[in-house]
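Visitor: I'm new here, and I'd like to know where the labels come from. Could you walk me through them?

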Amino acid sequence: MLTHEENELLCRVEGEAPMGQFMRRHWVPALLSEQLIESDGAPVRVRLFGEDLVAFRDTDGRIGVLGEYCPHRKASLFFGRNEECGLRCLYHGWKFDVDGKVLEMVSEPAESGFADKVQHKAYPTQEAGGFIWVYMGPKDQMPEFEAPPWAPTPEAKVSIVKIDLPCNWAQIMEGQIDSAHSSSLHSSDMKPSRVTTAGATATHWTRPSTDKNPRIQVQLTNYGFRYAALRRPITNAQTHDYVRLTVFVAPFAALIPPNSSYNVATVIVPKDDVSSYFHFIAWGNDDCIDQESWRKFCVAQVGIDLDKTYKPMLRKRENNYLQDRKAMKLGDFTGVPGIPNQDIMMWESMGPIADRTSERLGASDIAIVQFRRVMIDAARKHAAGASPLGLVEPHIPQAKLRSYQGIVPKSDDWRRLGASNEEIALLDGMEQDDTEAEMAAAGS
């Protein structure tokens, strides 16, 4: 468990909060590319770390992410006209380009030179992997943008579920790096089967294990950590382990063990202290599941399950997520369809910010303990002047990071599974985590 002060440090991201300031030193996946398809189309509201922004794609296809409120009289630019390479405030006609430069001030005398004296807040942007990214830290500390793990090449096929949720980022991220819960919460969607590797159908996933009590082992990295959940496989249990290896890429991403059809990742971005953008990603080659099929599988289709701002329309806390108790009696474990919806029910039930001061953690929570330690330490060190976690040398390009799952001989070292040669060289030089110490910490 954490102290109140540690929990606040982990969760709070607004203003000068150390965690938010640390996150701002990374490129932030701010919104989906699909939200800004049209040049000169409607602007989109975005909220990041408690800051209200507006995004638009201009006439030439360039993307701007500006402070939402016009610097003149603070009217919202969301209602503005997106035209002729700029966003024009409706109130007095001030017009801004994607860099926040004032192009026109129709309400002011041209000879005053006032337009040259005003610079509106604007953040640098990039587009990759189905996302529009922004950098919100000091310009002189801006890292080079690189391809994300789920889009190692421009040709990678990426399908994304996005859901806007009313709870803190950390309890969502802890769900992504908690392998133990999948054997219970998602047991009706991740079904044990006599298969040689994890698979995917149109209705559920399969995995070659019935073991609900994984042994958790952690490997620290300079970008976060990797950890293995070791389970007994259905076949050859005496000589083999079923390994599900998750990779946490600080501060926003978790690479979930793949299946035979596609890779899986999640991205969690804080809107503010008490709300977050959750993204569930399937990616791979040309035969990867398409976007609408992925959203249907997850029961998270825009216009059916979610509104156009990606907020749940049907299943909400107020209506108990339409949980079907009759279906539960007939064998469905949760009574709620869709892997993300099952998770959401758990995350939101913890409250806007989970109280971690009275938890009773066990051996299956070792990765959760490590996540908290890594992120709290990262925020503290950055606040003290250290380079941000994930941006230190030697640096491994994120496009080379991979999760893993498979049945392997017990003699195999899981720490090398799924790792590129560059990563193996780096990890071999780092001190490995002490699993027994982690178990003791988890049980404390």
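Visitor: How do you know what pLDDT the protein chain averages?
Guide: pLDDT is the predictor's confidence in each residue, on a scale from 0 to 100. The protein chain averages 94, and 96% of the residues score at least 70.

Visitor: Over which residues does pLDDT stay under 50?
Guide: That would be residues 432-444, for which the model has 22 contacts beyond four places in sequence; a contact means heavy atoms within 4.5 Å. Where pLDDT is low, the predicted coordinates should not be read in detail.

Visitor: What makes Glu174 and Arg356 a salt bridge?
Guide: The term asks for a side-chain nitrogen of Lys or Arg within 4 Å of a carboxyl oxygen of Asp or Glu. Here the closest N and O atoms are 3.2 Å apart, so the pair qualifies. Glu174 sits in helix α3 (residues 169-176) and Arg356 in the loop between α6 (339-349) and α7 (366-383), so the pair ties together parts that are 182 residues apart in sequence. Helices here are DSSP runs of H or I with at least four residues, strands are runs of E with at least two, and both are numbered from the N terminus. A search of the whole structure finds 26 salt bridges.

Visitor: Why does the pair Asp241 and Lys410 tie together parts of the chain?
Guide: Their side chains meet in a salt bridge at 3.1 Å, N to O. Asp241 lies in strand β18 (residues 240-249) and Lys410 in the loop between β22 (404-409) and α8 (421-428), so the parts being tied are 169 residues apart in sequence.

Visitor: Is Asp241 called buried or exposed, and why?
Guide: Buried means under 20% relative accessible area, exposed means over 50%, and partly exposed is in between (1.4 Å probe, protein chains only). Asp241 has 8%, so buried is the word.

Visitor: Which residues do salt bridges that share partners join into one network?
Guide: Arg81, Glu83, Arg88 and Glu104.

Visitor: What makes β5 and β8 edge strands?
Guide: Two strands pair if DSSP finds at least two bridges between them. The open sheet of four strands runs in the order β5-β6-β7-β8, with antiparallel pairing. β5 (81-83) and β8 (102-104) each have a single partner strand, so one side of each is left without a neighbour in the sheet.

Visitor: What makes strand β1 mostly covered?
Guide: Six of its six residues (27-32) are buried. Five bridges also join β1 to strand β11 (residues 131-135), and the two run antiparallel.

Visitor: Where does UniProt place the feature "domain: Rieske"?
Guide: The unreviewed entry puts the feature at residues 27-134. UniProt positions are given in the numbering used here, feature names are shortened, and annotations may be inferred rather than shown by experiment. In the model, the end C-alpha atoms of residues 27-134 lie 6 Å apart, and the span is 0% helix and 41% strand.

Visitor: What is the phi of Glu84?
Guide: Near 45 degrees, a positive value in a residue other than glycine. Most residues other than glycine have a negative phi, and most peptide bonds are trans. Glu84 lies in the loop between β5 and β6 (86-88), and at 59% relative accessibility Glu84 counts as exposed.

Visitor: Which peptide bond has omega near -5 degrees?
Guide: The one from Glu393 to Pro394, which is cis. Pro394 is in the loop between α7 and β22.

Technical notes
Residues numbered from 1 in each chain as written. Predicted model: local features only at pLDDT ≥ 70, side-chain atom pairs only at ≥ 80, totals over all residues. Heavy atoms only, no water.
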